[in-house]
Amino acid sequence: MTEIWITILQYAGTGFLLILYFVSLVLMFLREDDRGNRAIFLYLPLIFLALFIFPPFRSLYGRFDSTATYYRFLWLLPMSATIAYTAVKQFSTWLKPGILIAGLLVVMCGKYTYENENILPAENRLHLPQMAIDVTDFIMNESGGDYTIVSMPPGLVQFVRQYESKLWLPYGREMLLPDFRNYHHAVYEAYIEEELDPDALIGATRQYNCNYVVVEAVRVEEEDMERLGMELLANVDGYNIYYDPQSPDWSSMGG
Amino acid sequence: MGAILKLLLFFIWAGLIPVLMGLLPTSYLAKHRRRSHIIIISGYLCAFSLFEILGVPILFFLKGDFDLLVRLYSIISPLMAAAGVIRCIRMGGARLPAIVEVLAARRMNAENETMQLIRQKRSSAGQAILFWAVFLALFAFQIYMAYTRASYDGDDAYYVAQSLISWQTGTMYRWDPYTGVSTSLDGRHAMAMLPMWIAAISRLCGTHSTIVTHSMIPMIFLPLSDLCYYAVGKALLYKESPARRLRMLPAFMIVIALIQIYGNVSIYTPETFLLMRTWQGKTVFANVLIPMTFYSLLLITHRLEEGRIGKFPWIVMVLVNTAAGLCTSLAPVMTSMLFIAGCLCIALSYRYKKVMFFGLLSCIPGFVYAVIIFALLLPNFLAGGLNIEFLHSIFG
C-alpha cells in the first residue's frame, strides 16, 4: 500500500493539480445533473481509482510490466477535462472573471513546463546538441561514411545515434539508467572516473575494437594518448577525437 | 529534394492522407454530424490502425522488412483516402469547419445556424470570439515553443534511434538502438510501431527522421490532441443551450491549454508527456486515445438518450483499440479496460445491458493484441515478475 501512495505522491509532484482534480470530482458529485456525464466522468474514474489503490491489482500489474510504470493507470482518470469542465460549469453565469480565476488556480497549482531543466533553446532542426552533430559529422567524414565503432563520453551517447545509425558505440544510454547501476562496463567506467586514466580507457576501447575515441579535451594529456599509439585527428567543440590505428575495419558491416 | 517540396510531402503524408482517410468511418455518421474535427481525429485513428495491422505481421513473419511496409502503406493509405472521399460524396458530403460555414454563408448572404446564433446572442458571440482568441494564442505559443525549444529526453535514445535505424537501413528492430549491435527481436516493444510510422513518413517525405520526429511531428500531434479535447468538451457540454455552449466550449479549451502548459508538476503527467515527449507513443496514448475513449463513451450516452446508438461510437472504439497497439504495449489492454468499465457504468446508469455486448465486440482488437502480448510475456509471468536480467535481455 505504501508503494501505491508513493506512486500517487510522485505523480502529483510539486503542484496541486491532483487536489484540483479531486475538488472537481466533489463538485461533480454535488452538482452534476447529467446522467451520462456523471457515469463517465465521475463513477468510471472512481472505479479506476479504487482499482489503482487496491494492492493485489498492483501486484498483478507487476507480473506483466515493471511497477515503475504503474503510474500510467492514473492516465485513465480524465483530470484535465474534468477540471476544465467543472470550471466552466461553476462559472457559467459569469464566465469571463470565472475563467480568469480558474486560469489563475491552474497556474498557481501547476508548474510551468518550459521552465523544465531539460528544455533548452533548439540549436538545430534535429533538436540535438550541436556538438553531438559536429563530432559525429567529423567522424563520419573521416570514416568515409562507413560503419565504425566510436567510444563516446557518457554525455554524448544519448544523442549521437539519434543523428547517425552507422556509428556504433561500445556502450549506450542503458549504462546511464538506474537499473544498470550494478552493471560493469570497462569503457563506461573509465569515462566516469574523476581523473581519467588513459591506459584504462584505451585498454577498454581496444577490448571493444573501437576505431575512434572521443574525450573531453580538458580531461586528457596529449602525450599520454600519443604514448598509447592514438592519433589526434581534431578538436571539435571541446572534444578531442582520436583514431586508433590498431582497430579493425568495420566498413563492410551493416546495421 | 527542395525544403519546400519536403515540407509539402510531409503535410501530404502526415496531414492530408490521414485526414481524408477519416472520411471513411465518418461516412457512417448522419451528414449533419460529419464535423471536421471528427473527420480529422478518425483519420489519424485509421492511419495508425492501418499501419499497425500492416506492420505487425511484417515484423514477425517477413523479417521486419521496413521497405515493404512503407510500400504497402504508401499504396493502401491513399486508396483508403480515395475510398473515403468517394463514399462520403455518395453519402451526401461532409460539413465544413464552423468558421468556414459562417464565412461562406456571409459571402453568399445565406442563413447559417451559427450565424443566427451569433446574431441573436451578440454578447455570447463576443465572449466566444475573445475566448477563442485567447485559446489560439496559447496554442500558437505551444507550437512556437515546440519548434524553437529542444526537449532532451533519455527515452529518445531508444525511440528516435529506432526510427532512424529503420529510415537508414530499411529494417525494423533488428539492431540495438543504444549501441548498434545486432539483436534478437524484442517483440513486445517492437509491436508499438509509432517510431516506425514516423520513420515511414520520413521516408515518404525524404527528410531525416529525427528532424521529422522533433520538429515536424509536434505540428501534427499537438493540434490532434487539442482536437480530441475539443471533441470531449463538446460532448460534455452537449446538453447546454447553443448560446451557452458557444462561449463555454472555448473557455473549456483555455483551461485545457493552461493545464497543458502548467502541467509539469511531475515527469509522469500526460501534459508533461505532451509537451516534452510529443513524438512518443505514450503521449499519443495519454493525450489522444484516452480522451477519444471518453468521447466514445459520452457519445453512446447521448445516442442512448436519443433512442438509437448507431454504428459510429463502436467504429471509433474499434479504431482506438487498434491504434492503441501502435503506442505502447499495454495501451490496448488499458483502453479496452477503460471502455468496458465505461460500458458497464452506462449499462447500470441507463439500465441498458446491450451496451456491454457491443462494448466487448469493439474491444476485440485489444483482446487479440493482449493475447499476443501475454504470449510474449508468459515466461516472465511464470517467473514471477520482472527482474534486472529480464530488462537487460530487452535493452541488450
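Author: One begins with a definition: a salt bridge requires a side-chain nitrogen of Lys or Arg within 4 Å of a carboxyl oxygen of Asp or Glu. Please bear in mind that this is a predicted model.

Reader: Which side chain of opposite charge is nearest to A:Glu174, and how far away is it?

Author: That side chain is A:Arg173, at 7.8 Å. A:Glu174 therefore has no salt bridge, although it is buried. A:Glu174 belongs to the loop between β3 (167-168) and α9 (186-192) of chain A. Leaving aside residues up to four places away in sequence, A:Glu174 touches A:Phe180 as well as B:Tyr178 and B:Thr179.

Reader: How many salt bridges does the rule find across the interface of chain B and chain A?

Author: The rule finds three. B:Lys239 forms a salt bridge with A:Asp34, and their closest N and O atoms are 2.7 Å apart. As for the interface itself, 99 residues of chain B contact 88 residues of chain A. The two chains bury about 8600 Å² between them, with 67% of it on carbon and sulfur atoms.

Reader: How should I read the nonpolar residues?

Author: In soluble globular proteins, nonpolar side chains tend to be buried together. Here the largest nonpolar core has 213 residues, and A:Met152 and B:Trp197 have the most contacts inside it. Helix α11 (residues 209-236) of chain B gives the most to this core, namely 15 residues.

Reader: Which residues does B:Trp197 touch, not counting those up to four places away in sequence?

Author: They are B:Ala14, B:Phe48, B:Phe51, B:Tyr73, B:Ile217 and B:Phe221.

Conventions. Residues numbered from 1 in each chain as written. Chains lettered and ligands numbered in written order. Predicted model: local features only at pLDDT ≥ 70, side-chain atom pairs only at ≥ 80, totals over all residues. Heavy atoms only, no water. Core = buried A, V, L, I, M, F, W, Y, C linked by side-chain atoms within 4.5 Å. Buried < 20%, exposed > 50% of the residue type's maximum accessible area, 1.4 Å probe, protein only. Helix = DSSP H or I, 4+ residues; strand = E, 2+ residues; numbered from the N terminus. Contact = heavy atoms within 4.5 Å. Lys, Arg positive; Asp, Glu negative; His and termini not counted. Buried area = accessible area lost by both parts, 1.4 Å probe.
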